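Subject: Structure handover

Hello,

Here is the structure you will be working with. My notes on it follow below.

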Amino acid sequence: MRTLDELTRPNILRLKPYSSARDEYKGKQASVFLDANENPYNHPYNRYPDPLQTELKARLAEVKGVSPECIFLGNGSDEAIDLVYRAFCEPRVDNVVAIEPTYGMYEVCADMNGVDYRKVRLDDAYDFRADDMLRAADGRTKAMFLCSPNNPTGNSLRREEIETLLCRFDGLVIVDEAYIDFSSRPSLLGELAAYPRLIVLQTFSKAWGCAGIRLGMAFAAPDIIRIFNKIKYPYNVNLLTQREALDMLRRSAADVEQWVSILLAERGRVMDAFRALPCCREVFPTDANFFLARMTDADGIYAALVSQGIIVRNRSHVALCDGCLRVTIGTPEENDALLDALRKMD
C-alpha cells in the first residue's frame with residue numbers, strides 16, 4: 001500500500017496553507033473582533049464564518065456516527081471531488097479510473113486539472129467488477145471513482161466488488177453516496193476505520209431537501225481530511241449555509257424519514273405506471289430518488305414534455321443509456337402531471 005505522502009502531490013506536501021484571522025485566533029471567548037478587517041455593523045453577516053465549521057461538524061458527527069476529524073464540508077460534493085485531483089493527482093502525469101456511465105463531474109474535474117480519466121464500462125446490469133477497474137490502472141493511478149447508487153442508472157453497485165477494490169487497490173477509492181438515503185443497502189461510513197484510503201461522499205441536496213444551500217460532505221481518515229483542509233479556500237462554506245444545515249440537523253429525524261418514505265412510495269407507483277405505458281420499453285431497478293426508463297422515442301418524448309413545461313432528463317446519448325429518460329420523483333401532483341402527459345401521447 002502506498003503511503004498517503006506517496007499519493008499526495010509533492011507541492012501539496014510542501015505547501016504552507018493560508019492562515020485566516022479566524023484560524024489564528026484560538027483562545028477564550030471573545031467579544032471584540034478587530035483582526036479580520038470586517039465591517040463592525042450588520043451583525044451577524046459582517047463576520048466571516050467559521051472556516052472549519054466546528055459546530056456543524058460536531059452535530060453532524062452525532063448524526064452520522066463518525067468523529068468530527070473525519071468530516072470535510074464543502075460547496076457541494078463537487079468541491080471534495082475537485083480537491084481529490086488538486087491534492088493527489090499530478091497534472092499530465094497521473095490518472096484516475098472511473099465507471100461509465102456515472103456522474104459527469106468526475107470527468108469534468110479531471111479535464112480541468114489535466115488528469116487522464118480512464119473509463120471502465122459497466123456490464124448489461126449496470127454493475128462493475130473490481131478486476132476490470134484494476135486492469136485499467138497502472139502505477140500512476142491515484143484514485144478510483146464509484147457512485148453507488150449510481151447516477152444515471154440508479155442501481156447500487158455490488159458491495160463485495162467495492163470491498164475487493166478497497167483491499168486490492170493501493171490508492172484512494174471514492175464512493176459517492178449522494179443517494180444512499182433512498183437505498184435499503186447500508187452506507188460505507190462504518191468501514192472508514194477498516195479502509196484508510198476510502199473517501200465517502202454524501203450530500204444535503206437529496207434526502208435532506210437542501211440542494212439550494214450547496215453543502216457536500218466527505219468522510220475519510222483524519223490524515224486525508226487534513227490535506228483537504230490544507231488546500232481548500234479559507235471560507236468555503238458560508239454562514240447562511242452553516243446555519244441552515246444546523247437548523248435541518250436540529251429538526252426531528254422523522255421529518256426527513258417522512259420525505260424519504262413518501263418519495264419511495266411514489267417511486268414505486270410511478271415506475272409501475274411507466275411499465276404500463278406503450279411508449280415505455282423498459283424500467284430499470286433503482287435505489288435512488290429517480291429511475292431510468294428506456295422509451296420508444298426518448299428525444300421526441302422529451303421535447304413534447306418540455307413543450308408542456310414538464311422537465312425530465314434525456315440521457316439517451318449517454319453510454320449504455322440509449323433511448324433512456326431519467327425521471328426524478330416529485331410530489332404526487334407533479335408525478336401525476338408527468339403521467340397524464342405521457343398517457344396522452346399514446
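Two strands count as paired if DSSP finds at least two bridges between them. Strands (E, at least two residues) and helices (H or I, at least four residues) are DSSP runs, numbered from the N terminus. This is a predicted model, in which local features need pLDDT of at least 70 and side-chain atom pairs count only at pLDDT 80 or more, while totals for chains, interfaces and linings use all residues. Residues are numbered from 1 along each chain as its sequence is written, and side-chain values use heavy atoms, with hydrogens and water left out.

The seven-stranded sheet

Seven strands make an open sheet in the order β1-β7-β6-β5-β4-β2-β3, and the pairing is mixed. β1 (71-75) and β3 (116-121) are at the edges with a single partner strand each, so one side of each has no neighbour in the sheet. On average, neighbouring strands of this sheet are turned by 25° against each other, direction ignored. Axes here are lines fitted to C-alpha atoms, for helices over the stretch in contact, and angles run from 0 to 180 degrees between N-to-C directions.

β3 pairs with β2 (residues 95-100) in the parallel sense, over six bridges. Within that pairing, V97 has R118 in β3 as its bridge partner. Helix α6 (residues 105-112) lies across β3, β4 (141-147) and β5 (172-176) and runs at about 155° to β3; contact means heavy atoms within 4.5 Å.

The four-stranded sheet

The order β8-β9-β11-β10 describes an open sheet of four strands with antiparallel pairing. Its edge strands are β8 (280-283) and β10 (313-314), each of which pairs on one side only. β9 (residues 290-295) and β11 (residues 324-328) pair in the antiparallel sense over five bridges, and L292 stands opposite R326 in β11. Helix α12 (residues 298-307) lies across β9, β10 and β11, at about 40° to β11.

Pockets and cavity

Both terms come from a 1 Å grid over the protein atoms alone: a cavity is a set of points where a 1.4 Å probe fits but cannot get out, a pocket is an open set with protein on both sides within 12 Å along at least five of seven lines, and lining residues have an atom within 4 Å of a point. Grid points are joined across faces, edges and corners, and a volume is the space filled by probe spheres set on the points.

The largest pocket holds about 1000 Å³ of space. Its lining has 35 residues, and D50, P51, L52, Q53 and T54 lie nearest the centre. α3 (21-24), α4 (54-64), α9 (222-231) and α10 (239-250) each supply at least two lining residues, with α10 giving the most, six. By class, 15 are nonpolar, seven polar and 13 charged. For these classes, Ala, Val, Leu, Ile, Met, Phe, Trp, Tyr, Cys and Pro count as nonpolar, Asp, Glu, Lys and Arg as charged, and the others, Gly among them, as polar.

The second largest pocket has a volume of about 330 Å³. It is lined by 18 residues, and V63, K64, D181, W208 and V256 are nearest its centre. Two or more lining residues come from each of α4, α10 and α11 (253-275), and α11 gives the most, with four. The lining has 10 nonpolar, three polar and five charged residues.

There is one cavity of 30 Å³ or more. The largest cavity has a volume of about 50 Å³, and its lining residues are M1, L166, F169, G171, V173, Y195, P196, R197 and L198. Seven of them are nonpolar, one is polar and one is charged.

Salt bridges

A salt bridge is a side-chain nitrogen of Lys or Arg within 4 Å of a carboxyl oxygen of Asp or Glu. The count by this rule is 28. One joins R140 to D94, whose closest N and O atoms are 2.6 Å apart. This pair links distant parts of the chain, 46 residues apart: R140 is in the loop between α7 (130-136) and β4, and D94 is in the loop between α5 (76-88) and β2.

Backbone points to check by eye

The peptide bond from S148 to P149 is cis, with omega near -5°. Another cis bond joins N151 and P152, with omega about 25°. P149 lies in the loop between β4 and α8 (159-168), and P152 is in the loop between β4 and α8. N42, in the loop between α3 and α4, has a positive phi near 75° and is not a glycine.

Regards
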